[in-house]
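Work through the exercises below with the sequence and the 3D view at hand. Try each task before reading its solution.

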Amino acid sequence: MKTLILGGTREAREIAHIASGERGFDIISSLAGRVRDPLLPEGPVRIGGFGGGEGLRKWLVDNEIAGVIDATHPFAGTISANAAGAAADLGLPILHVRRTGWSEQPGDRWIRVPDLDAAVQEVAQLGERVFLTIGRQGVAAFAGLTRQWFLIRAIDPPTGALPPHHELLLARGPFSPADEQRLMARHGIDVLVTKDSGGDQTAAKLDAARSAGLPVVVVDRPELPPGAVVVETVDAAWTWLRAIASR
Ligand code: NAP
């Protein structure tokens, strides 16, 4: 069963790892190629965009793919929509793996917003020293905030415009709550901005913000296409793949 795993996440690497050790599964993982030094999954990997939905459809046909697992990051909305469209066109089974989102706990001061533009509006009202942890992409949305100072954390440097007052911190999780607390205190952070990425690799910042009583602007996930089959765990994805293969 030749399966494409759209990756760039720990879940995608774990699924590739499991399937690589099993007979009868022919896996190829795909990465966008955004990160300079990516963590590579086990088994064959291709890197780079497909050239939109049409390019992906052609690639699936040319490579005789029989099923697709979209295990991309919850905020990678374009590739998920392209994959859903291409799979529907070709009549291929497709599964979307979306780890559980974060949920508010007692003591949290969260402001949920639908997108980055709304996050910018909130930040403009909420604080002066902002910890921006939305990854490399999307930082430019905050470039017009000229009064605030930003601590911008990402794995690789952001490309577009940056807010005029900032410090760039290049780092990859996991991070510990104690380290996050120290980092926020050292920089006098008064508001945290995050995507609702979910998972435990980067959740410590939320614990630290709760302990310090700081407001957190949480950007909601983009919707998956209607009718998408979604699971939250690697185990559930593996169960799905085995069921599809035994059809
Ligand atoms: P996106 O906005 O959904 O995708 C933009 C374009 O990048 C797609 O149209 C596609 O190009 C290409 N692409 C994305 N994922 C790909 C993949 N796995 N294999 C091949 N091409 C891919 O995605 P994004 O937000 O830029 O994220 C890019 C990658 O980084 C994803 O694979 C995601 O899992 C990973 N990632 C994203 C985030 C985040 O916060 N967005 C965080 C951690 C990891 P074509 O149209 O040319 O096919």
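## Exercise 1: The ligand

A polar backbone atom of Gly-7 lies 2.8 Å from an oxygen atom of the ligand. The model is predicted: local features need pLDDT of at least 70, side-chain atom pairs count only at pLDDT 80 or more, and totals for chains, interfaces and linings use all residues. Residues are numbered from 1 along each chain as its sequence is written, and side-chain values use heavy atoms, with hydrogens and water left out.

**Task.** Find what surrounds the ligand, and how much of the ligand the protein covers.

**Solution.** 
- Step 1. Look around the ligand: 22 residues surround it, each with a heavy atom within 4 Å. The closest are Gly-7, Ser-30, Arg-34, Phe-50 and Lys-195.
- Step 2. Turn to Arg-34. An N or O atom in the side chain of Arg-34 is 2.3 Å from an oxygen atom of the ligand.
- Step 3. Go to Gly-51. A polar backbone atom of Gly-51 is 2.9 Å from a ligand oxygen atom.
- Step 4. Now take the cover. On its own the ligand has 800 Å² of accessible area (Shrake-Rupley method, 1.4 Å probe). The protein covers 80% of that area.

## Exercise 2: The two domains

**Task.** Locate the two domains and describe where they meet.

**Solution.** 
- Step 1. Domain 1 is 2-99 + 223-245, and domain 2 is 109-219.
- Step 2. Taken over C-alpha atoms, they are 29 Å apart.
- Step 3. Count contacts (heavy atoms within 4.5 Å). Here 10 residues of domain 1 touch 14 residues of domain 2.
- Step 4. Take the buried area, meaning the accessible area lost on putting the two parts together, summed over both. It is about 970 Å², and carbon and sulfur atoms give 47% of it. Arg-10, Arg-34 and Phe-75 supply 48% of the area that domain 1 buries against domain 2, more than any other three residues.

## Exercise 3: Salt bridges

**Task.** How many salt bridges are there between domain 1 and domain 2?

**Solution.** 
- Step 1. Apply the rule: a side-chain nitrogen of Lys or Arg within 4 Å of a carboxyl oxygen of Asp or Glu. The count is two.
- Step 2. Inspect Arg-10 and Asp-200, which form a salt bridge with their closest N and O atoms 2.9 Å apart.

Technical notes. Domains from an automatic or database assignment. Buried area = accessible area lost by both parts, 1.4 Å probe. Polar contact = N/O pair within 3.5 Å; in protein donor to acceptor, adjacent residues only side chain to side chain.
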